[in-house]
Amino acid sequence: MKIVFLMHSVDKVGGITRATLTMASQLVDRGHTVQIAAMFRESERPGFDIDPRIDVVWLLESAEHSAMMSSEHWHTMSTTRSTVYPEGDAFRASSYSLLTDKLLRDYLHTCAADVILATSPGLNVCLAKYAPADAIVIGQEHLFHHHHIPALADKLLAAAARLDALVTVTEADAHVYRQKLGRYAHRVHFIPNPIPAPHPGLRECKERTIVAAGRLTEAKNFRMLIDAFATLHRHEPAWRLEIYGTGEEEEALGAQIRRLGLTNSAFLMGNLTPMDAAWARASIAAVSSNNESFGLTIVEAMRYGLPVVSTACQHGPPEIVSHGVDGFLTPVKDTDAFAEALLTLACDDTRRMEMSRAAVRKARRYEPDRIAAEYERLFRYLSERKRPTRTVHSRKVPTLQA
């Protein structure tokens, strides 16, 4: 099969990029031809290494190097807002124009793909609009339905009714979409994101270190994590906290660490890509988020044998962490409960090691080969269901309630 992934960009560090590159590489391993069609090139050097067997095309950059239209026509189209790409998508609807509409439409009808997967909400809507009749078209929901503003949520539901399938990364979100889609509910499928195997060259050396990772934003609630760590530090001063990432809360978090007298124990580490070396030497992973669409760092940590202390936020953590088995789940924004869970793991070496072994077993559920096999089963199922006479562009889809 020729499989195409549509992306806003393949250049920047992020969970969607990593999951897509991991899956693309695994599908190549399984004998498929894989192409990534990125709308924009946003960096000269991608944030992740890209498997050289994957063909990457940057649609806007490719068009700029061709003589497809006059400079005046190009300017007019590139400065006129897209009529398809929806407002409310985090991937900057303002970047999309009549020019990108044309480029995407032309690409989709000439790429000769057997399967096309869109990886962002806005591209799901575009794929539903421009889908070629002879390809299996699948939208991926890497966030969750309630994350989107109402206008975008409505458009995503209408798009899901036109696509052959919508894949969510949690069962909880799949349930929401099935309820919303009514008679189109059968098009919703749950397949989690894949996590690569541990790096073979790393030797695990478990230090008394707690590691957290993510954008330094209010949604990740690292302030609560630092407060909880301060409680742990009073009882177990040998432990340290490392927070990886950058973002708008970096200055405030640094001030909090200084105010609590934790400058020799809690550290803002900046970005680290990939995180393998940090996971390999840590002993506990911490996720203090107010919400998570999946929980990529949870599974990344588990594959290196880290039990996870996480808030029981929607949607991913409660589906990944088995409370008391491979980690602990605590109420969202409950600093005392989070601190107690950290203390339980930090003070009990035997239990921590038992939960470490359980975490490794849990992470096997997300191995790329298993996830790729699930996608292949979906491709076969959709291929069998697909009607040869299907014409996406002329189909009228009823209005759906969000």
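# Report on local features of the model

P274 is placed in the loop between strand β10 and helix α10 (residues 276–281). Strand β10 itself covers residues 266–270. Helices (H or I, at least four residues) and strands (E, at least two) are DSSP runs, numbered from the N terminus. The structure is a predicted model, in which local features need pLDDT of at least 70 and side-chain atom pairs count only at pLDDT 80 or more, while totals for chains, interfaces and linings use all residues. Residues are numbered from 1 along each chain as its sequence is written, and side-chain values use heavy atoms, with hydrogens and water left out.

## Backbone features in loops

Most residues other than glycine have a negative phi, and most peptide bonds are trans. The peptide bond leading from T273 to P274 is cis, its omega being near -5 degrees. A cis bond also joins Q314 to H315, with omega near 0 degrees. H315 belongs to the loop between β12 (308–311) and α12 (317–320).

Positive phi values occur as well. A112, although not a glycine, has a positive phi of about 55 degrees, and it sits in the loop between α4 and β4 (115–118). N221 is likewise not a glycine, and its phi is near 50 degrees. The loop that holds N221 runs between β8 (209–213) and α8.

## Accessibility and surroundings of single residues

| Residue | Relative accessible area | Class |
|---|---|---|
| F5 | 2% | buried |
| N221 | 14% | buried |
| G88 | 38% | partly exposed |
| A112 | 63% | exposed |

F5 is part of strand β1 (residues 2–7). Contact here means heavy atoms within 4.5 Å. With neighbours within four places in sequence set aside, the contacts of F5 include M23, L27, V34, I36, L117 and Q140. The C-alpha atoms of F5 and L253 are 37 Å apart, and the two residues are separated by 248 residues along the chain.

For N221, once neighbours within four places in sequence are left aside, the residues in contact are S288, N290 and K333. G88 lies in the loop between α3 (71–78) and α4 (98–108). Apart from neighbours within four places in sequence, G88 is in contact with I149 and L152. A distance of 26 Å separates the C-alpha atoms of G88 and V57, which stand 31 residues apart along the chain.

## The faces of helix α9

In helix α9 (residues 250–259), the buried residues are L253, G254, Q256 and I257. Viewed down the axis of α9, these buried residues fall within an arc of 160 degrees, so they line one face of the helix. The arc is that of the directions from the helix axis to the C-beta atoms. An α-helix has 3.6 residues a turn, so residues three or four places apart point the same way. The other side of α9 carries the exposed residues E251, R258 and R259. The partners against which the buried residues of α9 pack are α8 (222–235) and β10.

## Two helix pairs

Axes are lines fitted to C-alpha atoms, for helices over the stretch in contact, and angles run from 0 to 180 degrees between N-to-C directions. Angles under 35 degrees count as roughly parallel, over 145 as roughly antiparallel, 65 to 115 as roughly perpendicular and the rest as oblique. A crossing is left-handed if the near helix is turned anticlockwise from the far one by less than a right angle, and right-handed if clockwise.

Helices α5 (residues 121–130) and α6 (residues 150–162) pack at about 45 degrees, their axes lying 9 Å apart. The two helices are therefore oblique to each other, and the crossing of α5 and α6 is left-handed. On the α5 side the contact is made by P121, N124, V125 and A128, and on the α6 side by L152, K155, L156, A159 and R162. These residues comprise six nonpolar, one polar and two charged. In this classification Ala, Val, Leu, Ile, Met, Phe, Trp, Tyr, Cys and Pro count as nonpolar, Asp, Glu, Lys and Arg as charged, and the others, Gly among them, as polar.

Helix α11 (residues 296–303) crosses helix α14 (residues 349–363) at roughly 120 degrees, and their axes come within 7 Å. This pair is therefore also oblique, and the crossing of α11 and α14 is left-handed. V299, M302 and R303 of α11 meet A359, V360, K362 and A363 of α14. By class, this contact of α11 with α14 has five nonpolar, no polar and two charged residues.

Technical notes. Buried means under 20% relative accessible area, exposed over 50%, partly exposed in between (1.4 Å probe, protein chains only).
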